[in-house]
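Open the structure in your viewer and keep the selection tool at hand. We will walk through it stop by stop, and at each stop you will hear what to select and what is there.

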Amino acid sequence: MSNAVWVTGVGSLTNLGVGLASLKQAIESPKAHFSSVPQDWLRYKAAPDAFMATLDAQAEQELKQFETVSTDRATAMALHVADQAWTQAGLPQPTSSERAGVYWGTGMGGLHTLESSYQRLLVEQATLRPMTVVRVMANSSAAQLALKYKLQGTNQTFSVACASSAIALGEAMWAIRSGRLDLILVGGSEAMLAPVVMTAWGALRVMALKSSTANPDIPCCPFSNKRSGLVIGEGAAAFVLESERHAMARGARPLAELIGYASNCDADSLVHPHVDGQVRVMRQAIADAGLQPANIDSINAHATGTDTGDVTEAQAFAEVFSGLQTPVTATKAMHGHLLGAAGAVEAAMCIASLQTQKTPATLGLESADSVDKRCFGISLSGRSRGANIKTILSNSFAFGGSNATLILKQV
């Protein structure tokens, strides 16, 4: 039997809704679901009057059942999406296995708890809550997931900025492929919509501001000549990854197969992306999957909607996929940039694409004239397109120069 790694369960939580069905719906009927920064946040010095991607009403309501005295918002999200994935995979709860583990990604961990703790201590001069430390720590989500499902194998947390959960997925794939584990609950969660975070990102001058956005209904426009910056969001996605042998032994069927992964570092700049690093990581992931660039049927770009980021990635695509018209999509135009959870949510979007056999729309590209001329050699569309999709490549790039590429396959 092969050492294939199957995805047998998926859960998601975003501004688009709850579960894989909400992502399929977003492909069928693409729309941006963004809101404005709360007015009371604007009282802080230099706070940006920007857009953000908050959970939709259903997701917010369902999240309440996972909130406890020991869970930060990011951990509650992790528990919610894991519950979805675990249930879809049809696994017993708990499983109590040394051959099962948790690989989780997050950029900032329990930031909501951290910010509220500073408020209590420094402004209100109140005592801190007893569970503050375990709510703040970056590995809180992974620990809580292991406790809930009795996953006694490797428990790892990856904090690599915007590549965190993509790297978690790739490393989990390799752990199963190598025979170290049979099953891994893997994904990422991020809850960073708070005044300090938004103001800090505003200071970087990369956000889509209300004053500079051409179309407030589509404030994030990757690859567009009308782009004004990125939109910060919150959310989570989880997957049950299993070896083919383990899944077949219990009669499970795959939703998709994770077949390729690579990660590297530009080692060039803390904040500016580098073409060579992106080219190398895509080529390495394609080789890891045993494929050639011509075998990739669709691409989910990292594409945050920033000038430098979009143009650099477009140049990398032109080099790796030279002469090919592989469809490129940028789903952050719909769900925003989820930072540490971005790779996981976009991998879930890739599975939705495989199941619908449609490439998602890149909102903001109403016509060919809307495309930034520097983003040459890319097949883009402002509408979802039917296609014969067997393999999808998904990129996640991060501050610090970290790059990660995943490749998923229809089964």
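Predicted model: local features only at pLDDT ≥ 70, side-chain atom pairs only at ≥ 80, totals over all residues.

Residues are numbered from 1 along each chain as its sequence is written, and side-chain values use heavy atoms, with hydrogens and water left out.

**Stop 1: the core**

Select Tyr103, Val186, Phe239 and Leu241, which touch the most other members of the 75-residue largest nonpolar core. A nonpolar core here is a set of buried Ala, Val, Leu, Ile, Met, Phe, Trp, Tyr and Cys residues joined through side-chain atoms within 4.5 Å. Buried means under 20% relative accessible area, exposed over 50%, and partly exposed in between (1.4 Å probe, protein chains only). In soluble globular proteins, nonpolar side chains tend to be buried together.

Which residues are in contact with valine 186, leaving aside its neighbours within four places in sequence? Among them are Trp104, Ala168, Leu169 and Ala238. Contact means heavy atoms within 4.5 Å.

**Stop 2: helix H6**

Next, select residues 140–149, helix H6, where 7 of the 10 residues are buried. Helices (H or I, at least four residues) and strands (E, at least two) are DSSP runs, numbered from the N terminus. The buried residues of H6 include Ser140, Leu145 and Tyr149. Show their surroundings and you will find them packing against helices H3 (73–89) and H5 (132–136), along with strands E5 (100–105), E6 (155–158) and E7 (183–190). Lysine 150 follows H6 and has a positive phi, near 55 degrees.

**Stop 3: asparagine 264**

Go to strand E10 (residues 256–265) and pick asparagine 264. Its relative accessible area is 14%, so asparagine 264 is buried. What does its side chain reach at 3.0 Å? That is the backbone oxygen of glycine 277. The side chain of asparagine 264 also makes a polar contact of 2.9 Å with the side chain of asparagine 403. A polar contact is a pair of N or O atoms within 3.5 Å; within protein, one must be able to donate a hydrogen and the other to accept it, and residues adjacent in sequence count only if both atoms are side-chain atoms.

**Stop 4: charged pairs**

The model has 14 salt bridges, each a side-chain nitrogen of Lys or Arg within 4 Å of a carboxyl oxygen of Asp or Glu. Select lysine 358 and glutamate 28, whose closest N and O atoms are 2.8 Å apart. This pair links strand E13 (residues 358–359) to helix H1 (residues 19–28), 330 residues apart in the chain.

Then try arginine 73 and glutamate 234, a salt bridge of 2.9 Å, N to O. Are these two buried or exposed? Both arginine 73 and glutamate 234 are buried.

**Stop 5: a surface patch**

Finish with Leu114, Tyr118, Leu121, Leu122, Val123 and Leu128, a nonpolar surface patch with about 570 Å² of accessible area together. Valine 123 sits in helix H4 (residues 111–123) and counts as exposed because its relative accessibility is 56%. Patches are made of residues with over 30% relative accessible area and no salt bridge, with like charges joined within 9 Å and nonpolar side chains (Val, Leu, Ile, Met, Phe, Trp, Tyr) within 5 Å.

Definitions and conventions: Areas by Shrake-Rupley, 256 points an atom, 1.4 Å probe, with all protein chains shown as cover.
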